[in-house]
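Good morning, everyone, and thank you for making the time.

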Amino acid sequence: MLTRAAIDRVVSAALEEDAPWGDLTSDTLIPADATARAALVARVDGVFSGAAVFAAAFTLTDSSVVIEQRVADGEHFATGDTLAVVTGPARAVLTAERIGLNFVQRMSGIATLTNRYVAEVAHTGARIVDTRKTTPGLRAIERQAVRDGGGHNHRFSLSDAVMAKDNHLAVLTASGLSVTQALESAIARLPHTTHVEVEVDRLDQIDAVLAAGVGTIMLDNFSLDDLRVGVARIAGAAQIEASGGVTLETVRAIAETGVDVISVGALTHSAPSLDLGLDIRIETA
């Protein structure tokens, strides 16, 4: 999902926002022939994400800037580690500094938080996935960070799969059809390759959904006891996703109920940016 085109589009928009008519400070104070060497240094421990996005901030500003990546996406790093080194025209390095840092701090923060969730459920078969609760316009970048942290992606957009929630089912059944009939009718109109997921928020809804032959059943905001009952009732007939208010404190117990997937909105909507710094040394002729 995070293609070169997607990176260039997002980073170019950020650079345009930050310096719409150039960098007045750097263009005024820094000699045109000055060069800079900048080290991206970790102020805390974490998991790295965003190498290509960080580099694009500088190369889209000036194609002569060179980035030496010291740590790869998905790698753990410690406080004080140098993650990348940037060299090139000083004006360009200073102009791109904030945008490059904003992206890599955000992405590494998501990757680091995701990795903590993944570690909590590593002894189970549960998969940690993200949600559509992403920053508008930055979904591909934030979801790459989830993958770099060891997590997985849910559907990327509304166009990728069928996911019926309570409001969808209310409309579907308004004509008098049962939930099973309504779902069967909808599934019959879909290509055979389309995945169908249905959300339920009570145990007594499971049988009707299961009878329609859906691929995944989401158990939304279920208690641990009800999750166990739901897992036993579905018994492998569909993939089971747990969702709703999942935290680092609760995710282990949720995974241990036997669910297949745990979706966590907090991976993207609540991850703090990681404290990374760019130490710059300017050299003039």
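This is a predicted model: local features need pLDDT of at least 70, side-chain atom pairs count only at pLDDT 80 or more; totals for chains, interfaces and linings use all residues.

The chain has 285 residues, of which 46% count as buried, and its secondary structure comes to 11 helices and 12 strands. If you draw a box around the C-alpha atoms along the principal axes, that box is roughly 80 × 40 × 25 Å. When we take the contacts between residues at least 6 apart in sequence, 71% of them join residues at least 24 apart.

Now to the pair of helices. Two packed helices are described by the angle between their axes and the distance between the axes. For helix α1, residues 4-18, and helix α3, residues 51-59, the axes come within 9 Å and cross at roughly 50 degrees, which means that α1 is oblique to α3. The crossing of α1 past α3 is right-handed. On the α1 side the contact is made by Arg4, Ile7, Val11 and Leu15, and on the α3 side by Ala52, Val53, Ala56 and Ala57. Sorted by class, this contact has 7 nonpolar residues and 1 charged residue, with no polar ones.

Staying in this region, I would like to look at Thr61, which lies in the loop between α3 and β3. Is Thr61 buried, exposed or partly exposed? Thr61 counts as partly exposed because its relative accessibility is 31%, a value between the 20% and 50% cut-offs. The side chain of Thr61 reaches the backbone oxygen of Ala57 at 2.7 Å, and Ala57 is one of the α3 residues that make the contact with α1. Leaving aside neighbours within four places in sequence, Thr61 is in contact with Leu15, Ala92, Thr95 and Ala96. The C-alpha atoms of Thr61 and Leu94, which are 33 residues apart along the chain, are separated by 10.0 Å.

Gln144 is placed in helix α5, residues 139-148, and with a relative accessible area of 17% it is buried. Beyond its neighbours within four places in sequence, Gln144 is in contact with Leu2, Ser49 and Met107.

Further along the chain, there are two residues whose backbone I would ask you to inspect. Most residues other than glycine have a negative phi. Asn221, in the loop between β9 and α9, has a positive phi near 55 degrees, and Asn221 counts as exposed at 54% relative accessibility. Ala235, in the loop between α9 and β10, likewise has a positive phi, near 50 degrees, and at 58% relative accessibility Ala235 also counts as exposed.

That brings me to strand β10, residues 239-243, where we find Gln239. What does Gln239 touch, once residues up to four places away in sequence are not counted? The residues are Gly215, Thr216, Ile217, Asp260 and Val261, and with Thr216 there is a side-chain to side-chain polar contact of 3.2 Å. Gln239 counts as partly exposed, at 37% relative accessibility. By way of contrast, the C-alpha atoms of Gln239 and Ser178, 61 residues apart along the chain, are separated by 22 Å.

I will stop there and take your questions.

Terms used
Residues are numbered from 1 along each chain as its sequence is written. Side-chain values use heavy atoms; hydrogens and water are left out. Helices (H or I, at least four residues) and strands (E, at least two) are DSSP runs, numbered from the N terminus. Buried means under 20% relative accessible area, exposed over 50%, partly exposed in between (1.4 Å probe, protein chains only). Contact means heavy atoms within 4.5 Å. A polar contact is a pair of N or O atoms within 3.5 Å; within protein, one must be able to donate a hydrogen and the other to accept it, and residues adjacent in sequence count only if both atoms are side-chain atoms. Axes are lines fitted to C-alpha atoms, for helices over the stretch in contact, and angles run from 0 to 180 degrees between N-to-C directions. Angles under 35 degrees count as roughly parallel, over 145 as roughly antiparallel, 65 to 115 as roughly perpendicular and the rest as oblique. A crossing is left-handed if the near helix is turned anticlockwise from the far one by less than a right angle, and right-handed if clockwise. Ala, Val, Leu, Ile, Met, Phe, Trp, Tyr, Cys and Pro count as nonpolar, Asp, Glu, Lys and Arg as charged, and the others, Gly among them, as polar.
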